[in-house]
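Reader: I'd like to learn how to read helix packing. Could you walk me through an example?

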Amino acid sequence: MGSPPARRGSLRGDRWKLLLAGGVLAAGQHLVSVAFVALPASVVSPIVNTQAVIAVVLGSLLLGEPHARLRLLAGGLAVGGVVLVSIG
């Protein structure tokens with residue numbers, strides 16, 4: 001036997017959430033694009049690349065993901081590398 005079939009239309013009540021999330025993500029990506037046009041990449045890139053660290057922190061706080069310290073260290077090393085490359 002298999003798993004029960006998925007209900008059709010189960011996301012109908014959540015469409016507004018999906019649209020809102022898509023709108024927020026689209027606006028954020030647009031702002032990143034505008035930042036790269038308006039400012040030097042050496043300024044924007046380290047800021048944009050902090051998203052890895054933010055994702056690790058949120059993942060450990062909100063989702064209870066394991067190995068948060070190790071992942072935070074790895075994200076910090078990645079951001080530090082980008083900063084070192086950007087300052088030459």
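Reader: At what angle do the axes of helix H3 and helix H4 cross?

Author: Let's begin with the general idea: a pair of packed helices is described by the angle between their axes and the distance between those axes. Now to our case, which is a predicted model. Here H3 (residues 51-62) and H4 (residues 68-87) have axes that cross at roughly 170 degrees and come within 8 Å. Angles over 145 count as roughly antiparallel, so H3 is roughly antiparallel to H4. As for handedness, the crossing of these two helices is left-handed.

Reader: Okay, and which residues in H3 meet which residues in H4?

Author: On the H3 side you'll find Val53, Val56, Val57 and Ser60, and they meet Ala68, Arg71, Leu72, Gly75, Gly76 and Val79 in H4. Sort that contact by class and you get 6 nonpolar, 3 polar and 1 charged residues.

Reader: How far does H4 reach from its first C-alpha to its last?

Author: H4 spans 28 Å with its 20 residues, close to the 28 Å expected at 1.5 Å a residue. Look just past the end of H4, too: Gly88 has a positive phi there, about 85 degrees.

Reader: Let's zoom out. How many helices and strands does the protein have?

Author: There are 4 helices and 0 strands, and along the sequence that reads α-α-α-α.

Reader: And what share of the residues count as buried?

Author: Buried means under 20% relative accessible area. By that cut-off, 8% of the protein's 88 residues count as buried.

Conventions
Residues are numbered from 1 along each chain as its sequence is written. This is a predicted model: local features need pLDDT of at least 70, side-chain atom pairs count only at pLDDT 80 or more; totals for chains, interfaces and linings use all residues. Side-chain values use heavy atoms; hydrogens and water are left out. Axes are lines fitted to C-alpha atoms, for helices over the stretch in contact, and angles run from 0 to 180 degrees between N-to-C directions. Angles under 35 degrees count as roughly parallel, over 145 as roughly antiparallel, 65 to 115 as roughly perpendicular and the rest as oblique. A crossing is left-handed if the near helix is turned anticlockwise from the far one by less than a right angle, and right-handed if clockwise. Contact means heavy atoms within 4.5 Å. Ala, Val, Leu, Ile, Met, Phe, Trp, Tyr, Cys and Pro count as nonpolar, Asp, Glu, Lys and Arg as charged, and the others, Gly among them, as polar. The expected span of a helix is 1.5 Å times one less than its number of residues. Buried means under 20% relative accessible area, exposed over 50%, partly exposed in between (1.4 Å probe, protein chains only).
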